[in-house]
Structures are given as structure tokens and as C-alpha cells.
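Have the structure open and follow along.

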Amino acid sequence: MIQILLAEDDFDFGSILKQYLELHDYKVTWVKNGKEALSILVDSNFDICVFDVMMPKMDGFTLAEKVIEIKPEIPFIFLTAKKMKEDKIRGLKLGADDYIVKPFEADILVLRLQNILKRTHKLQPGKTETISIGNYSFEPLNHQLKFGTESQRLTEKETILIHYLWEHKNSMIKRENLLNDVWGNDDFFSGRSMDVFISRLRKYFKQDHDITIESVRGVGLTFKIK
């Protein structure tokens, strides 16, 4: 059974969401603030998290940053009453798989969760323990990218993105294909999120000059390995 951590401080809204998700055969752990969510996450395993942005004790953005540090492999969605473009971009830059603005129908959340879990499972790297990428060792199951004795811990989306680029190495990847396959859509916000992640990967691979991510504006990119 899929396990979901729901962090939502609005009692009525949280109660409705929990019941609705359970009707769709999800196991839901519901907490009322960010600190409680973080405490539970340390010792428990979840398939996906749903975080309200505005919560007492610890807001959703701060919570997500801490979750990335301890369990980067867990995908998460933000719920928020905020409609500001900057907030949505901030959430997606953190690596959120989606960002849903309140009010919304509960079945919209269920559909988004299903799509994310299906996409994550579909793109999940296989049981290969280590993949050589130039002078780097990529360990998708451990969410790690290693260069010599140095190790970079990766988030779920970073792991999936690197694996996707590696599978399509040395060939032009159309921007819309990459966005739809990894982000689930090719809208403006996902595009901004992708640009941030590509910049991050360029930094991760900068120690091997034979590895480049070359972009053609408005067309796509190529993950080149000489």
C-alpha cells in the first residue's frame, strides 16, 4: 500500500483530504505542522509527501529543504493558498513534483499523486548498482554521484534526471520531451524548474571536462560524453 505523509495545519481541510485519500487505498499519516512531519520522517518510510506551505512551527518550504537533506529520494507536492509566481518557482526549484493552489477538488490531488507515482516508477533506474559516466560513478539506488573520494548526494529528481540524460547521451533531447518525461508537463513553471536542475547538474559534472550539457535555446539539449 502506498504510504503518504500529509502535513496540513487546517483541521477541516486535512481531515477531508485524509479521508478521501484513504478511500483511494492510500495509507495516510496526517500531521499538523512542519516540525511534527520532520520528526516522523526521520524514523519512517513514505512513498510520497504532501506539504502545506503555510504551517506553524516550520513552513513547507523549510520542511522540504530538511527532508531533501535526510531523505532526498522521497518525492513531494506543495499545497498552498498562495498564487504568487515566485512562490511556485521556489517550490519547483526545491524539487517539488507538483504545486497545487487552494482551493482545489480532492480528486485533483489524487490524480496528481497517481501521475507522479506512475512517472517516478516508470523512470526509476533499474537494479544496476553503479553506472560509469566519464570519470564519475553514478549509484542510482543510493542516490549518489561519486568522483574519486568525493560524493554528492542526489535528490529523487536529480537521480531520475541524470539517469534519463545518461540513457539519451550524445543525442539531442527535445526540451518538451524531457519536460514531459521527467516533470510530467512542459508548462512555464516546469521549464524554469528544469533550467535550475540542469544548471545544478553542470556543477556536479564540472570536474570531468569530457562531460558537457550543451543547450540549444528553445530546442533542447545534449548530454555529451567524449
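Domain bounds here come from an automatic or database domain assignment. For this protein chain, that assignment gives domain 1 (3-119) and domain 2 (131-225). Keep in mind that this is a predicted model.

**Where the domains meet**

Start with the big picture. The centres of domain 1 and domain 2, taken over C-alpha atoms, sit 25 Å apart. Domain 1 puts 16 residues into the contact, and domain 2 puts in 19 residues. How much area do domain 1 and domain 2 bury between them? The figure is about 1400 Å², with 61% of it on carbon and sulfur atoms. On the domain 1 side, P72, K93 and R119 give up the most area to domain 2, and together they account for 37% of what that side buries.

As for specific interactions, four residue pairs are in polar contact between domain 1 and domain 2, counting pairs with both residues at pLDDT 80 or more. Looking at what domain 1 brings to the side that touches domain 2, α3 (60-70) and α4 each supply at least two residues. The largest share comes from α4, with five residues. Sorted by class, that side of domain 1 has seven nonpolar, one polar and eight charged residues. The rule also finds one salt bridge across the interface of the two domains.

**A closer look at D97**

Which side chain meets D97 in a salt bridge? That would be K157, at 3.4 Å from N to O. The two side chains also count as a polar contact, again at 3.4 Å. You'll find D97 in the loop between α4 (85-93) and β5 (98-101). Is D97 buried or exposed? D97 counts as buried because its relative accessibility is 13%, and the cut-off for buried is under 20%. Leaving out residues up to four places away in sequence, D97 touches P75, F76, I116, R119 and K157.

**E73 and its neighbours**

Next, move to the loop between α3 and β4 (76-80), which is the place of E73. At 28% relative accessibility, E73 counts as partly exposed. Setting aside residues up to four places away in sequence, E73 touches H143, R153 and E156.

One is a cis peptide bond that joins K102 and P103, with omega at about -5 degrees. P103 is in the loop between β5 and α5 (106-123).

Two other residues have a positive phi although neither is a glycine. Here they are side by side:

| Residue | Phi | Loop | Relative accessible area |
|---|---|---|---|
| K57 | about 70 degrees | between β3 (48-52) and α3 | 66% |
| N170 | about 60 degrees | between α6 (156-167) and β10 (172-174) | 46% |

With a relative accessible area of 66%, K57 is exposed. N170, at 46%, is partly exposed.

Terms used. Residues numbered from 1 in each chain as written. Heavy atoms only, no water. Helix = DSSP H or I, 4+ residues; strand = E, 2+ residues; numbered from the N terminus. Buried < 20%, exposed > 50% of the residue type's maximum accessible area, 1.4 Å probe, protein only. Polar contact = N/O pair within 3.5 Å; in protein donor to acceptor, adjacent residues only side chain to side chain. Contact = heavy atoms within 4.5 Å. Buried area = accessible area lost by both parts, 1.4 Å probe. Salt bridge = Lys/Arg side-chain N within 4 Å of Asp/Glu carboxyl O. Nonpolar A, V, L, I, M, F, W, Y, C, P; charged D, E, K, R; others polar.
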